[in-house]
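Hi,

Here is the structure I promised to pass on.

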Amino acid sequence: MPLKLAILGRPNVGKSTLFNRLAGKKIALVDDQPGVTRDRKQAEGRLASLPLILVDTAGYENVHDDSLQSRMREQTEAAIAEAEVALFLIDARVGVTIEDQSFAQLLRKANIPVVLAANKAEGKAGRDGLNEAWELGFGEPVGLSAEHGEGMADLFEAIRQAL
Ligand code: GDP
Ligand code: MG
């Protein structure tokens, strides 16, 4: 049985880039509840020897009004409800933001394991953000570069240990 992994975090941290890197074939657009699950994308994928069902959250990425927070919350809660592990992404080049903090709050209430990763960690620019990520309270953050395919072995190990 593949492990169902939801990739969560604020817009622009690299969720879809990671989804695309890990995905083999796309399964379906999740389409049951308009406005809530409309843009939750799923794909079969693999991380080292671990077969995955990947869930990518979106649907709020182009919303720039007061509903953004509640849209993100709905998407995230829906993804948590169906997943077995949550992969919480932040941007290592930006460091921890207020939005990351509110995701952390939401994820602390999740009844599934949460693995924290700081993406865009290639080169030196991500070093401070990776260290800052400890303050989110999910243990040792995994340094990743979804774009360059770095940190995948560490991610595999962190997920394996979280299960
Ligand atoms: P999402 O909104 O969280 O799904 O983020 P996207 O996957 O759409 O990525 C947002 C931007 O970050 C895009 O311009 C990506 O090319 C860029 N990006 C994603 N992963 C990396 C990475 O590992 N390193 C760098 N430097 N940029 C990245
Ligand atoms: Mg995206």
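A word on burial before anything else: a residue is called buried if 20 or more other C-beta atoms lie within 10 Å of its own, exposed if 12 or fewer, and partly exposed in between, with C-beta atoms placed from the backbone. On that count, 40% of the 163 residues in the protein are buried.

Do keep in mind that this is a predicted model, where local features need pLDDT of at least 70 and side-chain atom pairs count only at pLDDT 80 or more, while totals for chains, interfaces and linings use all residues. Residues are numbered from 1 along each chain as its sequence is written, and chains are lettered from A and ligands numbered from 1 in the order in which they are written.

Now the fold. The protein has five helices and seven strands (DSSP runs numbered from the N terminus: H or I of at least four residues for helices, E of at least two for strands). Along the sequence the pattern reads β-α-β-β-β-α-β-α-β-α-β-α.

Strand β5 (residues 85–91) is worth a look, with six of its seven residues buried. β5 pairs in the parallel sense with strand β1 (residues 3–8) over four bridges (pairing takes at least two DSSP bridges between two strands), and Ile7 has Leu87 of β5 as its bridge partner. Strand β6 (residues 114–119) also pairs with β5 in the parallel sense, over six bridges, and here Ile90 stands opposite Ala118. Together with helix α3 (residues 98–108), β5 and β6 make a right-handed β-α-β unit; right-handed means that, with the strands pointing away from the viewer, the path from the first strand over the helix to the second runs clockwise.

Elsewhere, strands β3 (residues 40–47) and β4 (residues 50–56) run antiparallel and are joined by seven bridges, with Gln42 opposite Val55. Their hairpin has two residues between the strands, and Ala48 takes a positive phi near 50° there.

Finally, the ligand. Ligand 1 is surrounded by 15 residues, the closest being Gly14, Lys15, Ser16, Thr17 and Glu147 (near means a C-beta atom, placed from the backbone, within 6 Å). Helix α1 (residues 15–22) gives the largest share of that shell, three residues. As for the buried residues of α1, they are Lys15, Leu18, Phe19 and Leu22. These cover an arc of only 105° around the axis, so they sit on the same side of α1 (the arc is taken from the directions from the helix axis to the C-beta atoms).

Cheers
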